[in-house]
Amino acid sequence: MKVIAFPRKEQGSGASRRLRNAGQTPGIVYGGTTPPVAIALDHNALFHALKKETFHSSILDMEIEGKVEQVLLRDFQMHAFKQLVLHADFQRVDAKQKIHTKVPLHFINAEVSPAVKLSSAVISHVMNELDVSCLPGDLPEFVEVDLANMEAGGTIHLSDIQLPKGVTAVLHGQDNPTIATASIPAGQVSADDAADGASDDKK
């Protein structure tokens with residue numbers, strides 16, 4: 001994805017307020033071997049880009065005065081109650097240096113899993129994103145979690161999912177964290193139990 005930014009000469013709260021009144025959002029680009037650069041971005045373009053999942057988890061091509069460099073969105077601040085982006089932080093990335101960032105988890109095939117089809121279980125997503133480390137060129141837009149074989153009462157752990165080549169998970173004190181669980185709501189019986197109950201009634 002491409003982002004157009006402009007160098008920002010004036011800084012401070014007053015300058016930022018004037019920028020926002022003019023339909024722009026202040027930001028900063030930092031990292032790498034060059035000094036941080038204060039930037040301004042078109043507010044509406046940034047606001048709509050932030051609604052896209054890929055904008056948060058992809059390497060972005062940022063153009064400043066005709067020069068393009070690769071960056072990652074690192075942080076942004078929203079107004080407490082207005083649809084207004086107050087500030088955005090971007091970090092430069094080096095193609096040869098590993099990056100540490102979060103990528104979303106995409107859950108597939110829940111509807112065909114034994115847990116849902118046979119037991120009407122509820123699948124809970126314990127994690128919706130994963131911390132990963134990889135080279136910028138290996139960064140996936142998302143990691144897929146296949147629930148096709150999940151059974152009622154079952155659990156999917158990190159070790160059960162296939163990470164893309166070159167991507168490793170960054171763990172925070174847990175060797176094998178839980179990704180998803182399948183549980184039958186209280187008072188609900190599975191199709192098998194219901195069938196067994198019906199046959200018992202006929203005896």
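Colleague: What makes you say that strand 7 and strand 10 pair?

Modeller: Two strands pair if DSSP finds at least two bridges between them. Strand 7 and strand 10 share 4 bridges, in the parallel sense. Phenylalanine 107 stands opposite valine 145 in strand 10. Bear in mind that this is a predicted model, where local features need pLDDT of at least 70, side-chain atom pairs count only at pLDDT 80 or more, and totals for chains, interfaces and linings use all residues. Residues are numbered from 1 along each chain as its sequence is written, and side-chain values use heavy atoms, with hydrogens and water left out.

Colleague: What counts as a strand or a helix here?

Modeller: Both are DSSP runs, numbered from the N terminus: strands are E, at least two residues, and helices are H or I, at least four.

Colleague: How do you know that strand 9 pairs with strand 7 and with strand 12?

Modeller: Strand 7 and strand 9 pair in the antiparallel sense over 6 bridges. Valine 103 has leucine 130 of strand 9 as its bridge partner. Strand 9 and strand 12 also run antiparallel, joined by 2 bridges. There, valine 132 is bridged to alanine 169 of strand 12. The sheet of 4 strands is open, in the order 10-7-9-12, with mixed pairing.

Colleague: Why are strand 10 and strand 12 called edges?

Modeller: Each has a single partner strand, so one side of each has no neighbour in the sheet.

Colleague: What makes strand 9 mostly covered?

Modeller: Of its 6 residues, 5 are buried. Buried means under 20% relative accessible area, exposed over 50%, and partly exposed in between (1.4 Å probe, protein chains only).

Colleague: Why is serine 16 called buried, and what does it touch?

Modeller: Its relative accessibility is 11%, so it falls under the 20% limit and counts as buried. Serine 16 is found in helix 1 (residues 13-21). Leaving aside residues up to four places away in sequence, serine 16 touches Arg8 and Pro26 (contact means heavy atoms within 4.5 Å).

Colleague: Which strands does Pro26 bring in?

Modeller: Proline 26 has alanine 40 of strand 3 as its bridge partner. Strand 2 (residues 24-30) and strand 3 (residues 37-42) run antiparallel and are joined by 6 bridges. Their hairpin has 6 residues between the strands, and in it glycine 31 takes a positive phi near 100 degrees. Strand 2 also pairs with strand 6 (residues 85-92), in the parallel sense over 4 bridges. Isoleucine 28 stands opposite aspartate 89 of strand 6.

Colleague: Which residues other than glycine have a positive phi?

Modeller: Asparagine 109 is one, with phi near 65 degrees. Its loop runs between strand 7 and helix 4 (114-117). Serine 120 is another, at about 50 degrees, in the loop between helix 4 and strand 8 (122-125).

Colleague: Why are asparagine 109 and serine 120 called partly exposed?

Modeller: Asparagine 109 is at 27% relative accessibility, and serine 120 is at 41%. Both values lie between the two limits, so both residues count as partly exposed.

Colleague: What makes a nonpolar core, and how many residues has the largest?

Modeller: A core is a set of buried Ala, Val, Leu, Ile, Met, Phe, Trp, Tyr and Cys residues joined through side-chain atoms within 4.5 Å. The largest has 27 residues, and Leu105, Leu139, Val145, Leu147 and Ile179 make the most contacts inside it. Strand 7, strand 9, strand 10 and strand 13 (178-183) each give two or more residues. Strand 7 supplies the largest share, 4 residues. A second, separate core of 18 residues includes Val3, Val29, Ile39 and Phe55.

Colleague: What lines the largest pocket?

Modeller: It has 13 lining residues, and His56, Ser57, Thr101, Lys102 and Glu129 lie nearest its centre. Helix 3 (53-57), strand 5 (67-78) and strand 7 (99-108) each give two or more.

Methods
On a 1 Å grid over the protein atoms alone, a cavity is a set of points where a 1.4 Å probe fits but cannot get out, and a pocket is an open set with protein on both sides within 12 Å along at least five of seven lines; lining residues have an atom within 4 Å of a point.
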